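Welcome! Take a look at the chain below, and then we will walk through it together, topic by topic.

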Amino acid sequence: MAKRLFDYGDDLLTFLEIEGVPKSNNKGEREIRPGVMMRKVSFGSYSQQGARTRSILMSIYRTLKLREQDPLKETESALHTYMLTGVLPPLPVKLSSGG
């Protein structure tokens with residue numbers, strides 16, 4: 001514990017110094033939970049490349065969900081664009097809820 005305090009001590013109280021920084025990482029833990037559960041029930045990846053692919057896809061899917069986009073629809077659209085142009089489009093931006 002002393003080593004952790006030495007290594008991360010300057011960052012432990014950031015939430016007191018900067019407004020808006022949460023005091024825990026619970027939100028981050030909840031965000032990655034679906035991917036962790038999916039990895040667990042599918043018995044993980046059998047190769048480095050499989051693990052890398054899964055992590056990239058889960059990152060994209062979770063980002064799309066946070067941006068209130070449909071991951072399957074956006075993936076289909078991106079693959080269609082890639083087939084036509086040879087270039088993957090960027091992730092769509094979050095739709096604004098205000099008018």
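Let's start with burial: of the 99 residues of the chain, 8% count as buried. Keep in mind as you explore that this is a predicted model. The points below go from the overall fold to a single residue.

**Fold and overall shape**
- The chain has five helices and zero strands.
- The chain is more spread out than a compact globule, because its radius of gyration is 18 Å, well over the 13 Å that the globule rule gives for 99 residues.
- If you draw a box along the principal axes, the C-alpha atoms fill roughly 55 × 45 × 25 Å.

**Contacts along the chain**
- Consider the contacts between residues at least 6 apart in sequence: 40% of them join residues at least 24 apart.

**Surface and charge**
- You will find 15 positive and 11 negative side chains here.
- The centres of these two charged sets lie 8 Å apart.

**A closer look at Glu76**
- Where does Glu76 lie? Glu76 is part of helix H5, which covers residues 71-85.
- Is Glu76 buried or exposed? Glu76 has a relative accessible area of 60%, and exposed means over 50%, so Glu76 counts as exposed.
- Glu76 and Pro90 are 14 residues apart along the chain, and their C-alpha atoms are separated by 13 Å.

Definitions and conventions
Residues numbered from 1 in each chain as written. Predicted model: local features only at pLDDT ≥ 70, side-chain atom pairs only at ≥ 80, totals over all residues. Heavy atoms only, no water. Helix = DSSP H or I, 4+ residues; strand = E, 2+ residues; numbered from the N terminus. Rg over C-alpha atoms; globule rule 2.2 N^0.38 Å. Buried < 20%, exposed > 50% of the residue type's maximum accessible area, 1.4 Å probe, protein only. Contact = heavy atoms within 4.5 Å. Lys, Arg positive; Asp, Glu negative; His and termini not counted. Charge placed at Lys NZ, Arg CZ, Asp CG, Glu CD.
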